[in-house]
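Subject: Structure handover

Hello,

Here is the structure I promised to pass on. My notes follow below it.

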Amino acid sequence: MLTIKNYVRAQSLEEAYALNQSRRSKILGGMLWLKMSDLRLQTAIDLCDLGLDTIEETDECFSIGCMTSLRSLEKHEGLNAYTGGAVRAAVRDIVGVQFRNCATVGGSLFGRFGFSDVLTVLLSMDCLVELYPEGLVSLKEFAAMKRNNSILVRLVIRKTPGKFSYQAMRAQKTDFPVLTCAASCVAGEYRVVLGARPMKAMVLRDEQGILKQGICEESAKAFADFATSVTPTGSNIRGSAAYRTHLVRVLTRRALQELGG
Amino acid sequence: MEIELKLNGKTVTDHIEADTVLLDFVRAHGCLSVKRGCETANCGLCTVLLDGVPVLSCSTLAARANGRSVTTLEGLQEEAADFVGFIADQGAEQCGFCNPGFVMNTIALLRENPDPTDDEIRQYLAGNLCRCSGYEGQLRGIRNYLNSRGARHEV
Ligand SMILES: Cc1cc2nc3c(=O)[nH]c(=O)nc-3n(C[C@H](O)[C@H](O)[C@H](O)COP(=O)(O)OP(=O)(O)OC[C@H]3O[C@@H](n4cnc5c(N)ncnc54)[C@H](O)[C@@H]3O)c2cc1C
Ligand code: FES
Ligand code: FES
């Protein structure tokens with residue numbers, strides 16, 4: 001059971017960072033994941049006074065504070081217009097509305113969870129995360145980084161012209177996904193992201209030019225074959241490696257066909 | 001630590017431990033409609049409104065609610081009375097343990113979207129689990145309530 005000795009509402013990022021250097025401190029996001037741990041925390045650091053719970057949209061980007069809820073992502077019209085509903089599609093089956101009102105963007109990304117719908121869809125986009133004190137790093141780089149005691153302050157989604165689609169397979173509607181798949185064409189470059197393999201999401205690019213002539217039934221199938229041959233999968237309680245490999249083929253094809261319209 | 005919040009419109013001040021969750025806090029203050037289910041953020045039984053937004057009180061620190069407004073079913077009897085009879089008429093529930101969380105989230109749904117489609121109802125209430133029923137009775141109850149108000153007709 002999670003226990004907490006002291007609760008502190010940090011008044012600045014400096015204060016939060018200083019407090020977070022102790023091994024027995026943690027930043028609180030929505031606390032949904034932390035709650036399931038057996039950690040005995042000396043200090044839980046709440047960022048809720050720092051105004052980091054909103055989505056700011058400019059001509060160039062969406063700047064999303066780490067305390068923004070997944071429900072806010074789901075409901076944001078600008079974000080869903082830019083992504084053609086892909087962000088909404090990615091988060092809408094994560095447990096329930098009350099859960100998504102609590103779960104934060106910061107906690108979802110900082111966790112770098114293998115099963116993450118959130119990480120899968122965002123890796124298909126032109127994204128950066130702002131860390132304190134390091135500054136901006138690409139989401140891809142952040143996803144590969146080891147956990148440290150930094151603070152994830154913000155997610156930045158650049159409005160690079162693109163198209164996006166999202167597919168996931170769940171054994172039961174609100175359960176963890178068995179496989180996640182996002183496809184995109186950003187600034188003319190195709191990407192397919194496969195997550196919940198059950199390992200962390202990985203990004204495939206069209207290095208062989210399979211989609212060079214655009215997406216049609218054949219090229220989508222051919223890319224799905226390629227994805228199946230290069231994507232490692234594993235087994236867990238939700239599905240076997242063989243089943244997941246089958247899903248890689250099916251979801252990649254569907255995501256690309258949806259992308260091709 | 002000391003916190004002060006509005007619980008069903010009344011100011012409540014109390015001393016809490018840093019890890020007291022909102023579920024325990026509201027129950028300790030007489031709001032026994034709020035049920036303890038999974039305690040792992042899966043079932044929706046513990047739903048309360050925090051500044052009007054439905055959240056899971058089993059996984060929210062009471063300390064985070066400091067200075068804010070918390071509403072439980074005890075504070076929403078009138079709003080709930082509008083539609084719970086329609087759910088009861090369907091014999092939708094058996095043990096009824098899931099009912100308060102379900103009603104709280106239905107109130108949140110109808111405030112956000114007064115005329116939802118059946119799919120929108122299903123989607124919004126997906127995080128409210130019921131071990132006894134098949135959910136169809138509750139859906140019919142809500143639909144009959146909406147139809148009685150002259151909303152669109154589905155099911
Ligand atoms: C029952 C359950 C089912 C779930 N199902 C799904 C699913 O189907 N799909 C999916 O994609 N996700 C799923 N999730 C994950 C969920 O969506 C969130 O990603 C997860 O709960 C973490 O978000 P949080 O806000 O609760 O973070 P917390 O639990 O508060 O934090 C998680 C970790 O991140 C750290 N942290 C939080 N914010 C910051 C910050 N700003 N800077 C630095 N560190 C930070 C915390 O210290 C902690 O180590 C599920 C989680 C649960 C508990
Ligand atoms: S008791 Fe809170 S979600 Fe189950
Ligand atoms: S009626 Fe028993 S849990 Fe829903």
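First, the ground rules. This is a predicted model, where local features need pLDDT of at least 70, side-chain atom pairs count only at pLDDT 80 or more, and totals for chains, interfaces and linings use all residues. Residues are numbered from 1 along each chain as its sequence is written, chains are lettered from A and ligands numbered from 1 in the order in which they are written, and side-chain values use heavy atoms, with hydrogens and water left out.

Salt bridges

The search of the whole structure gives 20 salt bridges over all chains. The criterion is a side-chain nitrogen of Lys or Arg within 4 Å of a carboxyl oxygen of Asp or Glu.

A:Glu74 and A:Arg100 form one of them, at 2.7 Å, N to O. A:Glu74 sits in helix H2 (residues 70-75) of chain A and A:Arg100 in helix H5 (residues 97-102) of chain A, so the pair ties together parts 26 residues apart in sequence. Helices (H or I, at least four residues) and strands (E, at least two) are DSSP runs, numbered from the N terminus. The two residues also belong to a salt-bridge network with A:Arg71, A:Lys75 and B:Glu112.

A:Asp126 and A:Arg158 meet at 3.8 Å, N to O. A:Asp126 is in the loop between helix H7 (117-123) and strand S6 (127-132) of chain A, and A:Arg158 is in strand S8 (residues 151-158) of chain A, so this bridge ties together parts 32 residues apart in sequence. A:Arg158 counts as partly exposed because its relative accessibility is 38%.

In chain B, B:Arg143 and B:Asp118 pair at 2.9 Å, N to O. B:Arg143 lies in helix H5 (residues 136-148) of chain B and B:Asp118 in helix H4 (residues 118-124) of chain B, so parts 25 residues apart in sequence are tied together. Both residues are buried.

Chain B overall

Chain B has 5 helices and 5 strands. Their order along the sequence is β-β-α-β-β-β-α-α-α-α. Of its 155 residues, 51% count as buried. The C-alpha trace of chain B spans about 50 × 30 × 20 Å along its principal axes.

Best wishes

Conventions
Buried < 20%, exposed > 50% of the residue type's maximum accessible area, 1.4 Å probe, protein only.
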